[in-house]
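Please look at the model shown here and follow the explanation with the structure open beside the text.

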Amino acid sequence: MGIISSLGTGKDKFFRSLLGGTPAFCERNFEDEQFASVPGFYAAYLNEFSAADHLGRKGLRNLSRESQVFMSAGMLAIADAQASPQCWERESVGICCGSVFSGYEDFVRLFADSLAHGIDRINPAQGPQTGFNAPASQLAIFAGAEGPNVTVTSGIASGLDALSQASDLLMSEHASMMLAGGVEAYAFFSAHVLGSARAPGENARALRPFDIERQGTVFGEAAAVLVLEELAHARARGAPILAIVSGYGRAFRPPAAGLELAAGKAIRHALEEARLEPSQIDVVCASGNGERQLDAAEAKALFEVFGDSVPVYAVKGVTGECLGASGALQTAAALLCIEKHVVPKTIGYRRRDPALPLLPVTNEITAVKARHVMIDSLDPAGYSTALVLSTAKRVEGS
Amino acid sequence: MTAGTIQKRVVVTGLGVSSPIGVGIDAFWPALVAGKIGTDRISSFDTSGCLTHKGGEVKGFEPERYIKKLSPDTLPRSAQFAVAVSRMALEDSALLKSGVDAERVGVCFGVVLGNRPSLEKPTRELYHRQNGSDPKKVLNGPHDVTVVSRSPALEFGLYGPNLVTPTACAAGNNAISIALETIRAGKADAMIAGGVDELSETMFLMFNSFRSLSPEVVQPFDKNRKGLMLSEGAAALVLESYDSARARGASIYGEVRGYGNFTDAYHMTAPHPEGLGAARSMTDSLRRSGVSPEDVDYINAHGTGTPINDVVETKAIRTVFGKWADSVPVSSIKSMIGHTQGAASAIEAVACLLTIKHNIIPPNMNYDEPDPECSLNIVANRARKQTVNVALSNAFGFGGNISCVVFAGC
């Protein structure tokens, strides 16, 4: 895996922050000479990230920020997986990226610049970065991945949709390795949209998943890429196998019907595909992002399936709500649980909300024999995707 | 799916289209076969500062005809298109009358931008300090592209898998591929798969900066071709399993046999010079469909009309088809409707299925002078009556994303 977030660069920093860090939320002002400035957008911004460290200096200038971060996370993931772009089968390696805002900033900026400076001053090299698929395409070009190249968007479910799409492509033998994950980065226009989207009074300075005092979410920037690989292929090259993707479920329900319906359906389908009973799940890496209704719906769905017997762990209290990247970050956290046999404390969570079902949200590090971990995501537009990871020891002699 | 698994057959039972040559299949198909040119002077924004002034616009689209449950005014044009073509395809398929479980019917649309062009008007207003020039009011614009797949789901009460694939010009074929796999995997009984995009001034300015827009007409594979034209539109296909279509007595257009999906991984806008990704995608789509190059009766080309696409596509076709490259008929309907971006390969899929149904190949219009570098059996300027059982549809996107889909008669 390769992870770049407000908590730093690399999986070790990420894991250390999950185990005992504090969120890096801060305010940033975005200014623009053509438009009024966006007052302080409070979010978890990328920290100590230099694209040149991962990609070299050449050709960076025309890359959008989200392209740079996704590419960098991709290269970290490749190194972590001990894969070698120089000698891998290029046509068997593909990319799958989930995002909400990819291309958005460059798109509006291109148009705004044409108004301010004239049509002739548009930079042709910047144009392609207006594409949603720019990060995935740029990583393919940089790493030499000539397999399937897919970008998906489904709000907060984007990251898990990218991972599940990637796993489908491996299953249908369209690739033997997929770099899959998500990316989200904010700038003037996206900061404005997200800032404006807040309900009045929702001015959360902390992100408190499932907490009685939760007051909305705080957004975060991140890119997280995981290397998914066909099992025989991974074994043949002696790759480190961290976990198995056992199954996933994807659901959509209109929000008016109750978001818990979407979440419940996604989770049940994931269990069915993984051929597991709820009692066999050892940890839930939840989507909980501090939004009052969203957390309530997810809590309801989780409780209906798992009762109070499975620890529920949410990462967003320390990462922020990273939209397209969130699902991949949660999956990385799940890998931590499987590798270290612990569930971290849900940073940001202090007190139970009695209006929510009695969910065992973790409030301290707990030792857990994590064989099967459920990861779920829920978006206010009615999208939910859930994925089950199982320990590598689960493989049945294949 | 491991080797040995028998793949479920997936067929198309309904079609819907909205294009610069007609809205609805009954308008679209005759116009296509007649070689109607739908590209013209752009009226929806001012192109006077640009090098060219023509493109494709959907005319006479009446959202309220197709959108009954949702309020058309609340939807951006791309979502209006998506709902409209979904309605057409659903009615054509009679799927919802057949007692299908709505939780098992999903929606997947591909886009380049989706509803992002809706940002242009407010951005201009803000820049010119109009409308009170409060950034909050004006810039709180649409970033949520999922509206194009969600709107049809909400309009028709479809609660199966719902997704948007924003994969540039290959998006329509990607959506069809995902729908195919979703049904094969048993995660849905039917899917609406399609593509949509609205005409975007920003995209026009971008292509203008590339100097890749044609001034008069789109001339795929012609020696004097000057570039592409930007356009808009949408198309939707209803996909379901062959067994379920037969069981309910549905009318079947054809089968989605298979797809190939490779990437050039070469450059963001220029294709690989030998068409590597294209050749691989075509080859793999044929292999997965169980057809050989000589079985292909028609290639619906990506054929944008740019100097470079058409010559690279030719190279790739010649690589894959060998000696049959001289005989397999090829046409690009972008000659008539321009490049509808995310809708392109979805509209082209509709064209392929109608070609299979009617055994008439739509023409490659504006073909005046053959290009020796684009030596293919171009169906030039007039539709050709020919039995078509297998059609291959190519879609090459920016960033080198490529998706090729094979359609076959049942």
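How many salt bridges does the rule find across the interface of chain A and chain B? The rule finds 5 salt bridges there, a salt bridge being a side-chain nitrogen of Lys or Arg within 4 Å of a carboxyl oxygen of Asp or Glu. This is a predicted model, in which local features need pLDDT of at least 70 and side-chain atom pairs count only at pLDDT 80 or more, while totals for chains, interfaces and linings use all residues. Residues are numbered from 1 along each chain as its sequence is written, chains are lettered from A and ligands numbered from 1 in the order in which they are written, and side-chain values use heavy atoms, with hydrogens and water left out.

Side chains of opposite charge can pair when their charged atoms come close. Glu103(B) and Arg253(A) form a salt bridge through their side chains, at 2.2 Å from N to O. Over all chains, a search of the whole structure finds 41 salt bridges. Within chain A, Lys11(A) is paired in this way with Asp80(A), and their closest N and O atoms are 3.0 Å apart. Lys11(A) belongs to helix α1 (residues 11–20) of chain A and Asp80(A) to helix α3 (residues 65–80) of chain A, so the pair ties together parts that are 69 residues apart in sequence. Helices (H or I, at least four residues) and strands (E, at least two) are DSSP runs, numbered from the N terminus.

Now consider the interface as a whole. In chain A, 64 residues are in contact with 69 residues of chain B, where contact means heavy atoms within 4.5 Å. The two chains bury about 5800 Å² between them, and carbon and sulfur atoms give 63% of this area. Buried area is the accessible area (1.4 Å probe) that two parts lose on being put together, summed over both. Of the area that chain A buries against chain B, 13% comes from Phe107(A), Phe111(A) and Phe252(A), more than from any other three residues.

Two packed helices are described by the angle between their axes and the distance between the axes. Helix α4 (residues 104–117) of chain A packs against helix α8 (residues 201–210) of chain B at an angle of about 75 degrees, and their axes are 9 Å apart. Axes are lines fitted to C-alpha atoms, for helices over the stretch in contact, and angles run from 0 to 180 degrees between N-to-C directions. The angle makes α4(A) roughly perpendicular to α8(B); angles under 35 degrees count as roughly parallel, over 145 as roughly antiparallel, 65 to 115 as roughly perpendicular and the rest as oblique. On the side of α4(A), the contact is made by Phe107(A), Leu110(A), Phe111(A) and Ser114(A). The residues of α8(B) that take part include Met203(B) and Met206(B).

Not counting residues up to four places away in sequence, Tyr127(B) touches Gln34(A), Phe35(A), Leu115(A) and Ala116(A).

Next come the sheets of chain A. An open sheet of 6 strands has mixed pairing and the order β2-β1-β9-β7-β5-β6. Two strands pair if DSSP finds at least two bridges between them. At the edges are β2 (8–9) and β6 (149–152) of chain A, each of which pairs on one side only. Strand β5 (residues 93–98) of chain A pairs with β6(A) in the parallel sense over 4 bridges, and Thr151(A) in β6(A) is the bridge partner of Cys97(A). Helix α6(A) packs on this sheet and touches β5, β6, β7 (177–184) and β9 (222–229) of chain A.

A second open sheet has 5 strands in the order β10-β16-β15-β11-β12 of chain A, also with mixed pairing. The edge strands here are β10 (244–252) and β12 (312–314) of chain A. From one strand to the next, the twist averages 20 degrees. Strands β15 (residues 372–378) and β16 (residues 383–390) of chain A run antiparallel and are joined by 7 bridges. Helix α10 (residues 292–306) of chain A lies across β11 (283–286), β12 and β15 of chain A.
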